[in-house]
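The following exercises are to be worked through with the sequence and the coordinates at hand. Each task is followed by a solution in steps.

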Amino acid sequence: MNNYLFLPFVFCIVPFLIGEVAQAATFTEIGDAGELLSTSQAVSTQPPGTPLASILGIITAGEDIDLFQIYVNGVNPFSATTVDSGTTIDTQLFLFNSAGIGVFGNDDDAGTPQSTIPSTLLSAGVYYLAISTFGDSPISAGGDIFPLPLLGVQGSTGAGGASPLSGWFRDSFDDNIGTYTINLTGAEFTTGSTPVPYEPHSALGVLALGVWGAVSRFKKTRKSARKSCIAGNTSQSGQLAKKPEKQV
């Protein structure tokens, strides 16, 4: 009979606890995230274990690359996408494990210039999620981490896929500038500390957005010129091969 005395308490406290556990949050890039494991921006503005719903950031220049440290809970399938998120720039997404070894990469998804790492159950732990624009791709001491061209969702089967991230190949013709939103599942805020923004062009973020509209008018013409230049450069010997023409 006495057990029934606890029912009002249970009915009140259980919804409260469930609501606290299920409450997801958004992380907004602080300054300009780095591009290597040592300079990545830790998603740690909420207590560890808080579900991470999305990451908001800005590409301040066409060669800007943002790398975020996140935690994958290993219970819910992990996914990351810029499709249908309000992102309009031409994105690429890359996922690395805690050692910097590539896991997945994607350029275009669902007939759009945005990207998706599809729902996959991963082992729990720290991971690094990178966002770049078309033409900028991760490399290791052995070469390209992911195969090129990056068609569909790819694993780290490039020549340098067995080695950790050490840098990026940059496409100097890329003129994508703007904000992005990465929607996620199966991810949480991590325990790492957020490093101080270090890239010199981070202070120009607001200015970059101001000229975004002007730059975008030239995007189609520049992208066509980029493809022609890339095609011409691939025939030159003794030089690093340029990235192949993008296929949608």
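Of the 248 residues in the chain, 43% count as buried. The model is a predicted one, and its secondary structure comprises three helices and 15 strands. The chain exposes about 12000 Å², of which carbon and sulfur atoms supply 61%.

**Exercise 1. Confidence**

Task: State the mean pLDDT of the chain and the share of residues that reach 70 or more. Then describe the contacts of residues 6–11.

Solution. 
Step 1. The mean pLDDT is 78, and 67% of the residues reach 70 or more.
Step 2. Over residues 6–11 the pLDDT stays under 50, and the model has one contact beyond four places in sequence for them.
Step 3. Residues 13–20 also have a pLDDT below 50; this stretch has one contact in the model beyond near neighbours in sequence.

**Exercise 2. Nonpolar cores**

Task: Determine how many residues the largest nonpolar core has and which of them have the most contacts inside it.

Solution. 
Step 1. The largest nonpolar core has 26 residues.
Step 2. Leu52, Ile55, Ile70, Phe78, Leu129, Ile182 and Leu184 are the residues with the most contacts inside this core.
Step 3. At least two core residues come from each of β1 (25–28), β3 (52–59), β4 (66–72), β5, β6, β9 (125–133) and β14 (178–185).
Step 4. Another core, of 11 residues, lies apart from the largest one and includes Phe94, Phe146, Leu150 and Leu165.
Step 5. On the scale of the chain, residues 24 or more positions apart account for 80% of the contacts with a separation of 6 or more.

**Exercise 3. Aromatic pairs**

Task: Classify the pair of phenylalanine 94 and phenylalanine 146, and then the pair of phenylalanine 96 and tryptophan 168.

Solution. 
Step 1. The whole structure contains five aromatic pairs.
Step 2. The rings of phenylalanine 94 and phenylalanine 146 are 5.3 Å apart, centre to centre, with 40° between the planes, and the pair is tilted.
Step 3. Phenylalanine 94 belongs to strand β6 and phenylalanine 146 to the loop between β11 (143–144) and β12 (153–154), so this pair ties together parts that are 52 residues apart in sequence. Both phenylalanine 94 and phenylalanine 146 are buried.
Step 4. The ring centres of phenylalanine 96 and tryptophan 168 are 6.5 Å apart and the planes stand at 80°; the pair is therefore edge-to-face.
Step 5. Because phenylalanine 96 lies in strand β6 and tryptophan 168 in strand β13 (residues 167–169), the pair ties together parts that are 72 residues apart in sequence.
Step 6. Phenylalanine 96 is buried at a relative accessible area of 0%, and tryptophan 168 is buried at 8%.
Step 7. Phe94, Phe96, Phe146 and Trp168 form one aromatic cluster.

**Exercise 4. Backbone geometry**

Task: Identify the kind of peptide bond that joins leucine 148 and proline 149, and give the value of phi for aspartate 84 and alanine 110.

Solution. 
Step 1. Most residues other than glycine have a negative phi, and most peptide bonds are trans.
Step 2. The bond between leucine 148 and proline 149 is cis, with omega about 0°; proline 149 is placed in the loop between β11 and β12.
Step 3. Aspartate 84 has a positive phi of about 55°. This aspartate 84 lies in the loop between β5 and β6 and is exposed, at 79% relative accessible area.
Step 4. Alanine 110 has a positive phi near 55°. Alanine 110 lies in the loop between β7 (102–106) and β8 (116–120) and is exposed, at 62%.

Key:
Residues are numbered from 1 along each chain as its sequence is written. This is a predicted model: local features need pLDDT of at least 70, side-chain atom pairs count only at pLDDT 80 or more; totals for chains, interfaces and linings use all residues. Side-chain values use heavy atoms; hydrogens and water are left out. pLDDT is the predictor's confidence in each residue, from 0 to 100. Contact means heavy atoms within 4.5 Å. Helices (H or I, at least four residues) and strands (E, at least two) are DSSP runs, numbered from the N terminus. Buried means under 20% relative accessible area, exposed over 50%, partly exposed in between (1.4 Å probe, protein chains only). Accessible areas come from the Shrake-Rupley method with a 1.4 Å probe; for residues, only the protein chains shown count as cover. A nonpolar core is a set of buried Ala, Val, Leu, Ile, Met, Phe, Trp, Tyr and Cys residues joined through side-chain atoms within 4.5 Å. Rings of Phe, Tyr and Trp (its six-membered ring) pair if their centres lie within 6.5 Å; planes under 30 degrees apart count as stacked, over 60 as edge-to-face and the rest as tilted.
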